[in-house]
Amino acid sequence: MEKIVYNVTGMTCSACVASVEDSVKKIDGVKDVSVSLLTNSMIVNYDEAIVNNNTIIDSVEDAGYNASVKGADKQAVSSENAIEKEIKSMRMRLIISLSFMIPLMYIAMGEMMYLPMPAFLVGPENALSFAFTQFLLVLPIMYVNRKYFQSGFKALARRKPNMDSLIAIGSAAAVVYGIFAIYMIGIGLASSNMDLVHKYSMDLYIESAGTILGLITVGKYLEVSAKGKTSDAIQKLIDLSPKTAIVIRNNVEEEIMVEDILVDDIVLVKPGNIVPVDGIVVEGNTFVDESALTGESLPIEKTIGDKVVGATINTTGYLHVKVSHVGEDTTLAKIIELVENANTTKAPIAKLADKISGIFVPIVIGISIVTFIVWIAITRDFSSSLAPAIAVLVISCPCALGLATPVAIMVGTGLGAEHGILFKTAESLELLHKVDTVILDKTGTITEGVLNVIDVVTFNNHDEKDVLEMIVSLEKVSEHPLGEAIVRYGVEKDVTLIDVESFEAIVGQGLVGTINSKQYYVGNKRLLESNNIDFEGILSIVDDFAGEGKTPIFLANEKEVMAVLTLADTIKADSKEAIAAMQARGINVVMLTGDNSITAEAIKDLVGISEVVAEVLPDEKEAVIAQYQDNEHTVAMVGDGINDSIALVRADVGIAIGAGSDVAIESADTVLMNNKLTDVVTALKISNDTVRNIKQNLFWAFFYNTLGIPLAAGVFAGLGFMLNPSFAAAAMSFSSISVVLNALRLRLMYRK
């Protein structure tokens with residue numbers, strides 16, 4: 001089976017995604033298709049013996065869109081520019097639409113509302129000027145929003161109508177009828193038939209077209225502004241890798257571009273430098289910070305024979321690394337590919353209004369046709385029969401329907417911002433209310449992500465003050481990462497430093513130093529064992545510390561253990577509260593971490609999580625989330641590190657802790673700006689309330705359609721009820737106002 005990624009352009013909504021997927025799925029030999037509206041891309045798994053790229057591309061084009069095979073190079077910058085261009089274009093459309101819509105509505109409604117009007121637009125004798133001025137004002141609005149017509153009528157022709165179809169049909173019908181009315185006004189003026197002039201000057205629907213296009217464009221602009229997260233995330237991942245590296249060829253050090261490194265080259269990695277590619281250590285000892293890829297809070301010791309991967313940081317010693325993987329085969333490159341694929345395969349949320357429109361539009365068109373047929377059979381008059389048929393389409397125009405979702409989303413995102421929660425997409429806000437499983441990263445999410453001294457236990461009657469002075473003074477001259485936490489603790493405790501007469505770092509064990517002509521040891525159990533220092537008497541205490549997820553550091557003299565300090569990544573103050581609140585909402589909370597299982601189990605017990613998955617790499621995190629999704633769970637992933645970026649985009653909703661890495665923030669759908677885990681609970685509540693508000697808005701939008709369509713069709717004509725243009729406009733306006741007021745009611749619920 002072949003797996004190919006394609007670029008697909010021309011899609012505007014979830015109905016377009018469904019159209020592309022349906023078209024490609026029909027091809028013999030295609031196993032599965034996944035289309036992403038967010039990234040304008042498509043992944044196809046197919047049998048290359050039956051299907052080829054040209055067949056798939058032709059199928060997409062037959063559906064009305066454009067497709068091409070995606071290039072091997074990463075197009076992050078180009079994608080970002082395309083998104084910025086789309087936002088700029090939509091902003092210009094919005095400005096032009098509103099600039100012409102406002103005077104159009106003033107002219108159309110001004111006399112009715114007793115507003116001052118120019119003399120050449122007032123009175124039946126000026127009816128042609130009144131009508132034609134409105135027509136001229138609506139033309140720029142229609143032109144800048146021509147994409148609605150192009151997309152809407154294409155979708156209708158493919159028998160897959162979407163929101164654009166409603167907009168196109170309604171506004172086009174209004175303008176066509178307005179043009180017809182202008183001709184009738186002209187005929188009436190020419191024949192001095194002022195009744196005809198009065199009738200059609202009151203029957204203009206042109207302002208309705210301008211209102212539809214203008215208000216819908218407001219909603220579309222809000223949606224487009226929230227779009228676009230992938231390109232920056234991928235670019236930041238790419239930037240993790242250094243541009244140059246030092247290789248040793250023929251015993252000569254040479255700085256070259258990373259892309260020129262070859263397999264089996266020897267690369268020199270100095271202290272503080274980033275490892276450029278994957279490889280095996282052939283010379284040197286050091287500690288490597290792998291937190292960017294594994295989430296492990298502690299640097300990992302590396303010595304001869306150990307594997308190192310690109311984008312990790314060499315913290316202390318010099319390394320000679322024999323290159324094993326370059327280019328697209330490196331761990332970092334695979335992570336970048338996984339981020340891209342996770343974005344592409346992430347199913348976009350089908351908008352509720354789009355789903356409804358697929359049924360609603362054909363019904364409305366059918367009602368309009370039936371209305372025309374019935375009226376022409378009754379009246380035998382084309383004009384009087386066309387009016388109610390067009391009125392059905394006009395009253396069905398989706399002003400309220402189009403505003404129902406974006407207005408509620410706008411209020412919901414505003415509420416989120418007030419509470420320090422940034423919803424980056426409307427999709428994440430809508431989908432979050434369905435989440436039944438929340439997966440939490442450990443380091444920096446449940447915990448602070450910073451090592452701290454937790455315990456200081458002295459033995460054999462040694463004074464704690466003296467012990468701290470010795471260990472802090474020794475660690476002060478050390479380069480070991482654990483020493484930084486100890487020195488920081490010493491500063492907090494205002495410890496007085498002692499002169500260290502000699503010092504030796506022992507890789508993988510600790511250090512040996514001389515103070516006042518006496519030798520002291522600071523390090524782990526291996527250091528004590530290698531120097532025959534007995535610690536059997538305190539072994540149970542040390543084991544208890546390890547079981548709590550703490551790292552013990554010993555201080556000993558030549559005869560005995562003087563003290564034990566423990567280091568740990570402390571739990572955030574609100575973690576336990578947040579986890580309990582999520583569980584109270586019936587949500588399964590899972591901890592997913594690259595840290596060791598002992599530490600993970602200790603944290604699990606402290607915060608009350610029922611399930612934990614430990615010692616997982618980034619691609620394994622993504623697989624764990626996919627497994628939950630395969631079991632029909634809706635998953636939210638909460639993380640803060642680069643290592644979480646794959647999992648964040650794989651999850652149905654990715655939530656980044658605000659103080660985390662830029663890549664995590666860019667990859668996520670939602671960002672907790674205040675760095676509080678309790679904000680996850682608030683985000684869930686806002687999502688739930690917002691979606692309920694959207695459904696209420698859609699109900700009211702359709703309530704007016706349900707009430708207005710029979711009136712427009714003339715069902716109650718025998719009782720003297722016919723929907724004239726002024727009532728149609730009022731109904732449309734009132735439905736839109738009710739939607740906005742209901743959305744504002746949501747804001748009152750969160751007033752502090």
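This is a predicted model: local features need pLDDT of at least 70, side-chain atom pairs count only at pLDDT 80 or more; totals for chains, interfaces and linings use all residues.
# Rings, strands and a capped helix

Visitor: What's the relative accessible area of Phe132?
Guide: Phe132 has a relative accessible area of 40%, so it is partly exposed. Buried means under 20% relative accessible area, exposed over 50%, and partly exposed in between, with a 1.4 Å probe and protein chains only.

Visitor: Why is the Phe132 and Phe135 pair called tilted?
Guide: Because the planes are at 35°, with the ring centres 5.9 Å apart. The two residues are three apart in helix α4 (residues 127–144), which means about one helical turn separates them. Helices here are DSSP runs of H or I with at least four residues, strands are runs of E with at least two, and both are numbered from the N terminus.

Visitor: And Phe135, buried or exposed?
Guide: Phe135 counts as buried, at 17% relative accessibility.

Visitor: Which pair is stacked, then?
Guide: Phe149 with Phe153, at 6.4 Å centre to centre and 25° between the planes. These two are four residues apart in helix α5 (residues 146–157), so about one helical turn lies between them. Phe149 is buried at 13% relative accessible area, whereas Phe153 is partly exposed at 38%.

Visitor: Which residues make a ring cluster?
Guide: Tyr177, Phe180 and Tyr200, linked by ring pairs.

Visitor: Which charges sit over rings?
Guide: Among them is Arg93, whose charged end is over the ring of Tyr148, 5.0 Å from its centre. Arg146 lies over the face of Tyr143, at 4.3 Å from the ring centre. The test is NZ of Lys or CZ of Arg within 6 Å of the ring centre and within 35 degrees of the ring normal.

Visitor: Switching to strands. What pairs with β13?
Guide: β13 (residues 319–325) runs antiparallel to β7 (residues 266–269), with four bridges. Leu268 stands opposite His320 there. β8 (residues 278–283) is also antiparallel to β13, through five bridges, and Asp278 stands opposite His325. Two strands pair if DSSP finds at least two bridges between them.

Visitor: Which strands does β9 pair with?
Guide: β9 (residues 286–289) has three bridges to β10 (residues 300–302), antiparallel, with Thr286 opposite Lys302.

Visitor: What caps the N-terminal end of α17?
Guide: Asp463: one of its side-chain oxygens is 3.0 Å from the backbone nitrogen of Lys465. A polar contact is a pair of N or O atoms within 3.5 Å; within protein, one must be able to donate a hydrogen and the other to accept it, and residues adjacent in sequence count only if both atoms are side-chain atoms.

Visitor: Which residues of α17 are buried?
Guide: They include Val467, Leu468, Met470 and Ile471.

Visitor: And overall, how much of the protein is buried?
Guide: Buried residues are 53% of the 752. The protein has 27 helices and 26 strands.

Technical notes: Residues are numbered from 1 along each chain as its sequence is written. Side-chain values use heavy atoms; hydrogens and water are left out. Rings of Phe, Tyr and Trp (its six-membered ring) pair if their centres lie within 6.5 Å; planes under 30 degrees apart count as stacked, over 60 as edge-to-face and the rest as tilted.
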